[in-house]
Amino acid sequence: MTKQEILDTIELRQSTLKTWLGCPLMYKFRHIDKMEPAFRYPGTVHGSALHLVLSWLHAGEWKGDLRALYTKALNYYLYASDEEHIPVRWGGDMEKEIEALKVNAVEILENYRSKAYNQDALVLFSEVQFRVKILGYLFTGTIDQVRKNPDGSIELVDFKSSKMRPNHYAIPNDLQLTLYSYACKFGELLVDGIWVKPNMLLDSVGIYFLRAHEVYKRKTVNGDVGEEKGDPFMRTTKSIQELRAFRSEIRAQLSAMVKPWYYPNTASCAFCAYTAQCVGRNDHVPEKQASQAMELLAELNMA
Ligand code: SF4
């Protein structure tokens, strides 16, 4: 494929960038070849449902029944979203796992709701779509939340529900967070069906690690039974100079993304939903030779 064909095929969403950074080969499968993952992890569905409930809480459901809200959100992602046809890879008994997810969600959401810094925050934007042009290319995506804190600071938070806390040192270099900050300053947000230009230089941007609201079930060196697992905020700042420098960074990433070769990231393979498609790859054979070989094997009924 040519560079233009690749650009015409992919959507420059923040999720595309995320997949690219995780594994370029997975990016090829997902965004160029348009192959669907073989399965979804329960944790991914759980994270999506938590995001949805958080947006409902700040849109008038603050005092709502958390278990009922989470169940509604989970059912949507399991049975009604545009990914509902992709099977979920349950570890064992589906009913038991769903019940465990509900218990975990209520624990996280209750502790989220109990914090004054969440109660008193004025949520300006929640699950809001953005679009922004960088070097002539239109990037799109969704920002989890932009809030005004009681001290007047404007903060962007990206909710994470992964089991492992993200690496603190990676936050300042997180390309997605910079893209969100860039969009708030130079791009547009879709508010009530209208694209608006907020022109906001955020005071801080970061990850809100939802699992920090889980409580210790047994005493550990990090905390006692019943204590929460720490501070959910992992913040950084983005100056206007950093946002301008981001354009060059995007140029470098984009020029790599449109080259027709992709390097596997074998560190992620153990958890990958493309393993079945990926095992047939040969990283060292050019595409033309590989397809000739496949044709020959097909003639021999071996492909
Ligand atoms: S199996 Fe590994 S190399 Fe292949 S797409 Fe998945 S993460 Fe990338």
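Begin by selecting helix 2 (residues 14–22) and helix 8 (residues 175–186), which pack at an angle of about 160° with their axes 10 Å apart. Helix 2 is therefore roughly antiparallel to helix 8, the classes being under 35 degrees for roughly parallel, over 145 for roughly antiparallel, 65 to 115 for roughly perpendicular, and oblique for the rest. Axes here are lines fitted to C-alpha atoms, for helices over the stretch in contact, and angles run from 0 to 180 degrees between N-to-C directions. Helices (H or I, at least four residues) and strands (E, at least two) are DSSP runs, numbered from the N terminus.

The model is predicted: local features need pLDDT of at least 70 and side-chain atom pairs count only at pLDDT 80 or more, while totals for chains, interfaces and linings use all residues. Residues are numbered from 1 along each chain as its sequence is written, and side-chain values use heavy atoms, with hydrogens and water left out.

Staying with this pair, display the side chains at the contact (heavy atoms within 4.5 Å). Helix 2 contributes Q14, L17, K18 and L21, and helix 8 contributes L175, Q176, L179 and Y180. These residues of the contact divide into five nonpolar, two polar and one charged. In this division Ala, Val, Leu, Ile, Met, Phe, Trp, Tyr, Cys and Pro count as nonpolar, Asp, Glu, Lys and Arg as charged, and the others, Gly among them, as polar.

On helix 2 the contact is made by S15, T16, T19, W20 and G22, and on helix 3 by P24, M26, Y27, R30 and H31. Four nonpolar, five polar and one charged residue make up this contact.

The buried residues are P24, L25, M26, Y27, F29, H31 and I32. They pack against helix 1 (3–9), helix 2, helix 9 (240–257) and helix 10.

Of the eleven residues around the ligand, C23, P264, C269, C272 and C278 come nearest, where a residue is near a molecule if one of its heavy atoms lies within 4 Å of it. The shell divides into seven nonpolar, three polar and one charged residue.

Beyond helix 3, select K34, in the loop between helix 3 and helix 4 (42–61). K34 has a positive phi, near 60°, in a residue other than glycine, and is partly exposed, with a relative accessible area of 48%.

L135 is not a glycine, yet its phi is positive, about 55°; its relative accessible area of 38% makes L135 partly exposed.

Finish at Y137 in strand 2, which is partly exposed at 26% relative accessibility. Leaving aside residues up to four places away in sequence, Y137 touches K3, L7, L12, V132 and L254. Y137 and L254 are 117 residues apart in sequence and 9.6 Å apart in space, C-alpha to C-alpha.

Terms used
Buried means under 20% relative accessible area, exposed over 50%, partly exposed in between (1.4 Å probe, protein chains only).
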